[in-house]
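Here are my notes on this model, as numbered points. Please read them with the structure open.

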Amino acid sequence: MLIEGVAAATSAAVLGTVGYGILAPRSQFWGPVIVRGDASAPGRVALTFDDGPHPEGTPAILDALAERGVKAAFFVVGAQAVKWPGLVRRIVDEGHIVGNHSFDHHNFGIFWLTRYWEDQIARTDRVLADITGHRPAWFRPPMGFKQYHLFQAVRRRGHSVISFSRRAYDGVPTTPERVIGHIVPRARAGDIITLHDGMLTSTTRTLHAASLAIRPVIDGLGARGLAFARLDELIAPPPYVEELKTPEVARSQQGAL
Ligand SMILES: [Zn+2]
């Protein structure tokens, strides 16, 4: 009885650890994950947007960012980029960065193996490189999933995994007030903040919440003395693969992966 209890408690702890490893934004269980930026730079945070591009979210957010002079990073879904390449072009033309957020953003991607993830990452890299001329080197796992096969694929593709330290919880129906409440009072220097400019067919999120919240979020953080950096100013790995490199450099980078 006692032994059964201990076994049950142990397996619960193991399951808990694995669950944390897979889902928690900060988990480093399966491999290195960038969660926060450099907090030593005085009071700077970085805005990131996931799941786009989408005509109901991305243009309004780009307008607000341009108005406030803030540069952000957009973690783009490959299938969405194929539908709206003009929006991807606009993101890059206006000085923002695009990262890779998988091709399909499959809700059950957690169960897939290395080959699936490599394909998801490679297809999205190709689509974004064709549209923008830059091949992404940052990957943000869909739904924050982290598991062994995904990290194998990321390593083979030579990407860095970028998570976040603060989120708007706007992946579900919400209001601009709630989005502001999750971010403005809580953000700290070095935070990587995540909102959504896109929507997947399987979700019921309200895209206008983030686009209506973005000006008050920028102004509110500014009033707290925080400034904005583009994500590549807060973290070490460059956002894009250097296209022009000598074979020696390419080989040494390959060896370092
Ligand atoms: Zn996503």
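1. Helix α2. Six residues of α2 are buried, namely Thr 58, Pro 59, Ile 61, Leu 62, Ala 64 and Leu 65. Buried here means under 20% relative accessible area, exposed over 50% and partly exposed in between, with a 1.4 Å probe and protein chains only. The cover over these α2 residues includes β2, β3 (73-76), α4 (85-93), β9 (192-196) and α8 (207-223). After α2 comes Gly 69, with a positive phi near 65°.

2. Basis of the notes. This is a predicted model, in which local features need pLDDT of at least 70 and side-chain atom pairs count only at pLDDT 80 or more, while totals for chains, interfaces and linings use all residues. Residues are numbered from 1 along each chain as its sequence is written, and side-chain values use heavy atoms, with hydrogens and water left out.

3. Overall make-up. The protein has 10 helices and 11 strands. These are DSSP runs numbered from the N terminus: helices are H or I with at least four residues, strands are E with at least two. Of its 257 residues, 50% count as buried. Among contacts with a separation of 6 or more, 77% are between residues 24 or more positions apart. Contact means heavy atoms within 4.5 Å. The accessible surface is about 12000 Å², and carbon and sulfur atoms hold 60% of it. Areas come from the Shrake-Rupley method with a 1.4 Å probe; for residues, only the protein chains shown count as cover.

4. Zinc site. Which protein atoms are donors of the zinc ion? They are OD of Asp 51, NE2 of His 101 and NE2 of His 105, lying 2.1 Å from the ion. Along the chain the donors follow the spacing D-x49-H-x3-H. Asp 51 sits in the loop between β2 (44-50) and α2 (58-68), and His 105 in the loop between β4 (97-100) and α5 (114-132), so this pair ties together parts 54 residues apart in sequence. Donors are N, O and S atoms within 2.8 Å of the metal (3.2 Å for Na, K and Ca); water is not among the atoms, so sites may look incomplete.

5. Asp 51 is buried, with a relative accessible area of 1%. His 105 is also buried, at 6% relative accessibility.

6. Backbone points to check. Most residues other than glycine have a negative phi, and most peptide bonds are trans. His 105 is not a glycine, yet its phi is positive, about 50°. Met 143 also has a positive phi, near 60°. Met 143 lies in the loop between β6 (138-139) and α6 (148-157). Its relative accessibility is 44%, which counts as partly exposed. Gly 52 and Pro 53 are joined by a cis peptide bond, with omega about 0°. Pro 53 is in the loop between β2 and α2.

7. Nonpolar cores. The largest nonpolar core has 49 residues; Leu 47, Phe 49, Leu 65, Phe 74, Leu 195 and Leu 231 touch the most other members. α8 gives the most to this core, with 7 residues. Apart from it lies another core of 11 residues, among them Val 33, Trp 117, Leu 150 and Val 161. A nonpolar core is a set of buried Ala, Val, Leu, Ile, Met, Phe, Trp, Tyr and Cys residues joined through side-chain atoms within 4.5 Å.

8. Leu 47 in detail. Neighbours within four places in sequence are left aside here. Leu 47 is then in contact with residues including Leu 65, Val 70, Ile 193, Leu 195, Ile 214, Ile 218 and Phe 228.

9. Helix pair α7 and α8. The axes of α7 (residues 176-183) and α8 come within 8 Å and cross at roughly 35°. The contact is made by Pro 176, Val 179, Ile 180 and Ile 183 of α7, with Ala 209, Leu 212, Ala 213, Pro 216, Val 217 and Leu 221 of α8. Axes are lines fitted to C-alpha atoms, for helices over the stretch in contact, and angles run from 0 to 180 degrees between N-to-C directions.

10. Arg 230. This residue is in the loop between β10 (227-228) and α9 (231-234). Arg 230 counts as partly exposed, at 24% relative accessibility. Its C-alpha lies 9.4 Å from that of Arg 44, 186 residues apart along the chain. Beyond neighbours within four places in sequence, Arg 230 is in contact with Lys 71, Ala 72, Gly 95, His 96 and Ile 97.
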